[in-house]
Amino acid sequence: MNTYDSYSCNSLEKAYYRPIEAAIRWCNLMAQESYILSTMNEHYIPPANMFPQWPCLAVNAEKILYAAMNGQIPYGRDGKNVNAGEQVARHRITVTHTDLKEWMTKYYPNQKPGFLFDDIEKNYHSGITLETYNVLLAEKNKMDIKLKQANDKISELNKKLNENELENLSLKNMLDKFGPNEKKPTSKQLAFIKALLYIHYGEDVAENPRQEINKDSCNNVKGEIGTIREDFIKYGLVNNLPSGDIVRDWVNEIELDLK
């Protein structure tokens with residue numbers, strides 16, 4: 001499912017601006033935009049004493065208006081392009097986002113207001129050409145892809161490592177059941193044990209002897225007792241009977257060669 005890309009636009013960006021609208025964004029005064037515009041009324045440039053707390057506001061608005069009137073930046077009327085030199089009332093003069101960005105890059109390269117330039121553009125050196133910037137950006141994107149692929153591979157390897165650790169722990173626990181000083185039975189010995197279970201109790205018990213060893217009349221509701229445990233009790237060998245878990249682990253991986 002595709003997700004919304006919040007980086008596909010800039011919330012401060014417009015297709016075109018009046019000089020005062022661009023100056024408000026240039027001065028980072030968006031929070032005060034409504035107040036500024038309502039206070040100005042019919043003024044297209046704020047008088048010097050109107051906003052003494054923000055002296056750069058009028059200065060920056062004048063810079064943009066001057067650039068439009070003197071051919072430094074193309075202009076339009078209420079967002080619609082006009083021919084160079086065509087008369088437009090000053091309060092209706094507008095400049096496009098793209099033209100304003102090109103003008104600021106050329107005439108004010110040390111200025112990178114957020115409504116015109118993204119974070120990467122703000123950080124690259126003004127002496128770097130647009131072509132060089134695009135090359136660097138393409139390389140950065142490639143590196144980001146490779147980094148993601150590497151992180152995905154690391155995650156996959158960590159998952160396998162955890163699985164192996166769990167498997168090793170399971171094997172260790174199985175071996176610990178024999179006790180530290182007990183000799184481990186060989187596969188032939190285990191096959192012999194399973195074969196005896198098969199002969200005396202049948203295939204089902206040989207494959208899963210646990211319940212026939214652990215089931216005791218004292219620990220189940222019906223008072224039943226496992227067949228293996230019953231025989232060991234009958235012959236007085238119950239103290240020599242290992243737990244059902246141990247015997248199950250002994251025979252679990254053993255395949256009988258039935259002919």
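Patches here are built from residues with over 30% relative accessible area and no salt bridge, joining like charges within 9 Å and nonpolar side chains (Val, Leu, Ile, Met, Phe, Trp, Tyr) within 5 Å. The accessible areas come from the Shrake-Rupley method with a 1.4 Å probe, and for residues only the protein chains shown count as cover.

This is a predicted model, where local features need pLDDT of at least 70, side-chain atom pairs count only at pLDDT 80 or more, and totals for chains, interfaces and linings use all residues. Residues are numbered from 1 along each chain as its sequence is written, and side-chain values use heavy atoms, with hydrogens and water left out.

So what makes up the nonpolar patch? Phe192, Leu196, Tyr198, Ile199 and Leu258 form it, and it covers about 510 Å². Leu196 belongs to helix H7, residues 187–201 (helices are DSSP runs of H or I with at least four residues, strands are runs of E with at least two, and both are numbered from the N terminus). With a relative accessible area of 36%, Leu196 is partly exposed (buried is under 20%, exposed over 50%, partly exposed in between, using a 1.4 Å probe and protein chains only).

## Salt bridges

Side chains of opposite charge can pair when their charged atoms come close. Counting a side-chain nitrogen of Lys or Arg within 4 Å of a carboxyl oxygen of Asp or Glu as a salt bridge, the model has 13 of them. One joins Arg25 to Glu33, with the closest N and O atoms 3.1 Å apart, and both residues are buried. There's also a network that ties together Arg210, Asp245, Arg248 and Asp249.

Glu139 is partly exposed at 41%. Also in H6, Lys148 and Asp152 are four residues apart, again about one helical turn, and bridge at 3.1 Å. Lys148 is exposed at 54%, while Asp152 is partly exposed at 41%.

## The sheet and its helix

Four strands make an open antiparallel sheet in the order E1-E4-E2-E3. Strands E1 (16–17) and E3 (80–81) are at the edges with a single partner strand each, so one side of each has no neighbour in the sheet. Strands count as paired if DSSP finds at least two bridges between them. E2 (residues 76–77) and E3 pair antiparallel over two bridges, and Arg77 has Lys80 in E3 as its bridge partner.
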